[in-house]
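Visitor: I have a chain open here and would like to talk it through. Can we start with whichever residue you find worth a look?

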Amino acid sequence: MRHHDRYLRSGNHPPAGRRRPLGAYRFGIAVTSDHPLAHHSRLALNDLSGQRLLMVPRGISEKNDQLRDAIETAAPDVIIEGTHGRYNLDVFNRAADQNLALLNLTPWQDLHPNLVTVPLDTPLTVNYGVLASRQAPQPVQDFMNRLRQLI
């Protein structure tokens, strides 16, 4: 793993370099359309009480770890089942096949045809943007400068 990949994966910012924030993803809960949570327009953390919830294991994402702590506080009887690392299509299939709730992000809300994503009421978001090394090649520096002008 390259040094900057560790920062991209952890949600932390690199100690040196240039970054341009572009936005933030919101959390939701993906469930099958016949799941009891599917009929909510929004979910509070305590709505997850008694549910089996799929999410990444601790240590992969700082924001997921913070949200896990908040969920466990608001709904202590939630049963959190860890995935085998980051999400892939198998995780979405597992949620659909086993009728489990799945912690999801807005860009993935339409990924699986048998899952609907209900927005989760939480102030936590996952920021996204463009990162570049301070010693990036000139075309990359030009791109970052142009991006800064546009945004």
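**Arg20 and the rest of the chain**

Guide: Start with Arg20, which is found in strand β1. Keep in mind that the model is predicted.

Visitor: Is Arg20 buried or exposed, and what is the nearest side chain of opposite charge?

Guide: Arg20 is buried, yet it has no salt bridge. The nearest side chain of opposite charge belongs to Asp142, and that is 14 Å away.

Visitor: What is Arg20 in contact with, then, leaving aside its neighbours within four places in sequence?

Guide: Gly129, Val130, Met144, Leu147, Arg148 and Ile151.

Visitor: Let me step back. How many helices and strands are in the chain?

Guide: Four helices and six strands. Along the sequence they follow the pattern α-β-β-α-β-α-β-β-β-α. The chain has 151 residues, of which 38% count as buried.

Visitor: And among contacts between residues at least 6 apart in sequence, what share joins residues at least 24 apart?

Guide: That share is 73%.

Visitor: On to the core. Which residues have the most contacts inside the largest nonpolar one?

Guide: Ile29, Leu53 and Leu120, in a core of 33 residues. The elements giving two or more residues to this core are β1, β2, α2, α3, β4 and β5.

Visitor: Take Ile29. What does it touch, apart from neighbours within four places in sequence?

Guide: Ile29 is in contact with Leu37, Leu43, Leu48, Leu53 and Ala101, and also with Leu102, Leu103, Val116, Thr117, Val118 and Leu120.

Visitor: Now helix α2. How far apart are its end C-alpha atoms?

Guide: They are 19 Å apart. Helix α2 covers residues 62–74, and its 13 residues should span 18 Å at 1.5 Å a residue, so the two values agree.

Visitor: Which residues of α2 are buried?

Guide: Asn64, Asp65, Leu67, Arg68 and Ile71. They are on the same side of α2, because they cover an arc of only 165 degrees around the axis.

Visitor: What do those buried residues pack against?

Guide: Four strands: β1 (18–32), β2 (52–55), β3 (79–82) and β4.

Visitor: Where is Asn99 found?

Guide: In the loop between α3 (89–98) and β4 (101–105). Asn99 has a positive phi of about 55 degrees although it is not a glycine.

Visitor: Why point that out?

Guide: Because most residues other than glycine have a negative phi.

Visitor: Last one. Where does Pro123 lie?

Guide: Pro123 lies in the loop between β5 and β6 (125–132). At 79% relative accessibility, Pro123 counts as exposed.

Visitor: How far is its C-alpha atom from that of Phe27?

Guide: The C-alpha atoms of Pro123 and Phe27 are separated by 9.2 Å, with the two residues 96 apart along the chain.

Methods. Residues numbered from 1 in each chain as written. Predicted model: local features only at pLDDT ≥ 70, side-chain atom pairs only at ≥ 80, totals over all residues. Heavy atoms only, no water. Expected span 1.5 Å × (residues − 1). Buried < 20%, exposed > 50% of the residue type's maximum accessible area, 1.4 Å probe, protein only. Arc of directions from axis to C-beta. Contact = heavy atoms within 4.5 Å. Core = buried A, V, L, I, M, F, W, Y, C linked by side-chain atoms within 4.5 Å. Lys, Arg positive; Asp, Glu negative; His and termini not counted. Salt bridge = Lys/Arg side-chain N within 4 Å of Asp/Glu carboxyl O.
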